[in-house]
Amino acid sequence: MTKTFKTLFVGLVFLYLYAPIAVLVVNSFNKSKYGHRWSGFSWTWYEKLLNNDTLITAFTNSLTIAVLSATAASVIGTLMALAIYRYRFRFKQTASGALFVVMMSPDIVLAITFLVLFIALGIQLGFWTLLLAHTTFCLPFVVITVYAQLKGFDAHLIEAAQDLGASERAVFWHIILPLLVPSVAASWLLSFTLSLDDVIISSFVTGPQYEVLPIRVFSMVKVGVSPEVNVLAALLLLISMVCLAVFAWFMKRKPKL
Amino acid sequence: MLSFRRLVISLTLGWLAVMVVAPHLLVLATSFMTADIQHLAVWPLSLDGYAKVFQPIYFDVFLHSLWLSAVATALCLLIGYPFAFILARQKPVWRNVLLVLMMLPFWTNSLIRTYAIKIILGKKGLVNTLLVGTGIVDEPLSLLYTEFAVIFGLVYILLPFMVLPLMASFEQLSKEYVEAARDLQANAWQRFWHIYLPLTSPGIVAGCLIVFLPAMGMFYVADLLGGSTNLLLGNVIKNQFLVVRDWPFGSAFSVTLIVMMALMLAVYYQANRLVQRKGGLDDQNL
């Protein structure tokens, strides 16, 4: 393959990935509602979105769930990776098997298992069920990322700490965790991304008291065109780029381990 | 006080038992129960759920969505394989930039991106404007609410999931094999067929596994792009759970999907054994 051909191919794939979003972003500034042709620049839809309380609430709810579930998944997943890396215990194989199943299962299957569980336990669908479900489906990705870094560890560091009388807890807090920062940060970001992108699992475990973005948007776009959604797309893209820049800067600033 | 070690182990086992193992067993049990409007699923045991899976109207949807998923998976592989190949051979910095660019649209929720596809496939959308503008067609095509639209949407949403495991496979492939083949005068096609293809087969199977079954569940893609005739299995399952409330039937369909997943996993392990190494998604690594 020649270099030109490769560049062209990669360029086309990115065009495919970004063109639809670009159209939404352009339309978010379009005066015309249907966006078939450009009829002038306007902030109308941005104002409309700001006044659309239910949509704004759904948006902040989604962000809240994404932040909280990414954080919970990072904490729990890191501890799980530690358990699988450092300890021998019964059902260890079952535990890694279960994580593998979660990673490979189609979303729709996970969504149903969560729904059946919550109904069987009589838990009201809403904030907590979303948080539990999102945390769980992010877990395997955290475990696999953190575990990969744990495997590359210099075991002497841990042994040295233990020789000096450090407890398991101290070894984890003072030796392992500081060294794990890169993989924990990466898995937080991945979990956040997966949670924000999710539609299927949220559709099953959400309740009327706590509506998240995809559910709200689904009811808006199912019937027709909705310019506020264009604005949302533009804002989400902007936020993701800003966060990415901050994250990249943060990772660069951190001393290499 | 609980020791740190016991705390960590109990958390691991407890969370997975309650959130993963128990729910799967519950779905399995539900699939063998009798439907009941008020209590969702009741005893006695019955095979009604599975019998309904094979009723013509549902079985046709099942077959049709198998077909749509298969085509989408094939296209993802066709685009994703060379894409992953090129990306894997870039310098690490550049490769990471491209990878992040590929993942970035995820932050614009996949439902919103599916809506974007609906906009560009419309009669006056970007695709038709381009086709008419370049003179490829005279009249705008009806692209929306067709099989084409569903497949287009599925490939759009799922392509990154195909690329990631393929990249892992390409990165693990040692260059010596390719160089050896080159030294032995193997042409590009021979290198692909005898070196790349067998050595990346775990990545291919993993990618197909992560794309094929989830594609069948993407009800929102079918809802927005497929109209009433291009349903996916996900639409049937969602309908049974959230509207009709026939839980045993919905569960039976889910169990069918789980069984298919198990079969594909068996193929995956076989592919890994063929290459005699552990793939990136192997749970032996955990």
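**View 1. A:Glu211 in the loop between α9 (200-205) and α10 (213-221) of chain A.** Helices are DSSP runs of H or I with at least four residues, and strands are DSSP runs of E with at least two, numbered from the N terminus. The model is predicted: local features need pLDDT of at least 70, side-chain atom pairs count only at pLDDT 80 or more, and totals for chains, interfaces and linings use all residues. Residues are numbered from 1 along each chain as its sequence is written, chains are lettered from A and ligands numbered from 1 in the order in which they are written, and side-chain values use heavy atoms, with hydrogens and water left out.

**View 2. Surroundings of A:Glu211.** Beyond its neighbours within four places in sequence, A:Glu211 is in contact (heavy atoms within 4.5 Å) with A:Ala58, A:Asn61, A:Thr206 and A:Arg216. A:Phe59 is 152 residues away from A:Glu211 along the chain, while their C-alpha atoms are separated by 8.9 Å. With a relative accessible area of 26%, A:Glu211 is partly exposed; buried means under 20%, exposed over 50%, and partly exposed in between, for a 1.4 Å probe and protein chains only.

**View 3. Chain A as the setting of the loop.** Chain A has 11 helices and zero strands. The C-alpha trace spans about 75 × 55 × 35 Å along its principal axes. Of the 257 residues in chain A, 51% are buried. Contacts in chain A between residues at least 6 apart in sequence join residues at least 24 apart in 74% of cases.
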